[in-house]
Amino acid sequence: MTHRSRWVSAGLTVIAILAIGYGWRTAHYNSHFLSDTQIGGIQVGGQTAQQAAQTLKK
């Protein structure tokens with residue numbers, strides 16, 4: 001393996017790891033509110049829509 005192809009492989013590996021992490025966070029926040037989200041002054045960050053509805057009922 002040449003020096004250049006090692007750098008290319010390392011770069012592609014880093015990009016793949018970042019893409020997997022980005023995909024995981026995107027999937028997570030499709031069903032959860034972002035951190036520090038407030039509805040009517042009540043914190044609902046990190047909760048699902050169902051959990052947030054229950055929090056707001058209290």
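This report covers the overall form of the chain and then a few of its residues.

## Basis of the model

The model is predicted; local features need pLDDT of at least 70, side-chain atom pairs count only at pLDDT 80 or more, and totals for chains, interfaces and linings use all residues. Residues are numbered from 1 along each chain as its sequence is written, and side-chain values use heavy atoms, with hydrogens and water left out.

## Overall form

The protein chain has two helices and two strands. Helices (H or I, at least four residues) and strands (E, at least two) are DSSP runs, numbered from the N terminus. In sequence order the pattern is α-β-β-α. The radius of gyration is 19 Å, well over the 10 Å that the globule rule gives for 58 residues, so the chain is more spread out than a compact globule. That radius is taken over C-alpha atoms, and the globule rule is 2.2 Å times the number of residues to the power 0.38. Along its principal axes, the C-alpha trace spans about 65 × 15 × 10 Å.

Burial is scored by relative accessible area: buried is under 20%, exposed is over 50%, and partly exposed lies in between (1.4 Å probe, protein chains only). Of the 58 residues, 5% count as buried. The chain exposes about 4900 Å², and carbon and sulfur atoms supply 63% of that area. Accessible areas come from the Shrake-Rupley method with a 1.4 Å probe; for residues, only the protein chains shown count as cover. A contact means heavy atoms within 4.5 Å. Among contacts with a separation of 6 or more, residues 24 or more positions apart account for 0%.

## Helix α1

Isoleucine 15 sits in helix α1, which covers residues 3-29. Its relative accessibility is 54%, so isoleucine 15 counts as exposed. Val8, Leu12 and Ile15 form a nonpolar patch on the surface. Together they have about 290 Å² of accessible area. Patches are made of residues with over 30% relative accessible area and no salt bridge; like charges are joined within 9 Å, nonpolar side chains (Val, Leu, Ile, Met, Phe, Trp, Tyr) within 5 Å. A salt bridge is a side-chain nitrogen of Lys or Arg within 4 Å of a carboxyl oxygen of Asp or Glu.

Threonine 13 also belongs to helix α1. Threonine 13 is partly exposed, at 44% relative accessible area. Its side chain reaches the backbone oxygen of serine 9 at 2.8 Å.

Aspartate 36 lies in the loop between α1 and β1 (38-39). Its phi is positive, about 65°, although aspartate 36 is not a glycine. Most residues other than glycine have a negative phi. Aspartate 36 is exposed, with a relative accessible area of 65%.

Leaving aside neighbours within four places in sequence, aspartate 36 contacts Gln43 and Gly45.

## Glutamine 47 and helix α2

Glutamine 47 is in the loop between β2 (42-43) and α2. At 18% relative accessibility, glutamine 47 counts as buried. Not counting residues up to four places away in sequence, glutamine 47 touches Ser31, His32, Phe33, Ala52 and Thr55.

Alanine 52 is in helix α2. Alanine 52 is buried, at 3% relative accessibility. Beyond its neighbours within four places in sequence, alanine 52 contacts Phe33, Val44 and Gln47. Its C-alpha atom is 8.9 Å from that of isoleucine 39, 13 residues away along the chain.

Alanine 49 is likewise in helix α2, residues 49-57. Alanine 49 is exposed, at 53% relative accessibility. With neighbours within four places in sequence set aside, alanine 49 contacts Ser31 and Phe33. The C-alpha atoms of alanine 49 and arginine 4 are separated by 49 Å, and the two residues are 45 residues apart along the chain.

Notes
Polar contact = N/O pair within 3.5 Å; in protein donor to acceptor, adjacent residues only side chain to side chain.
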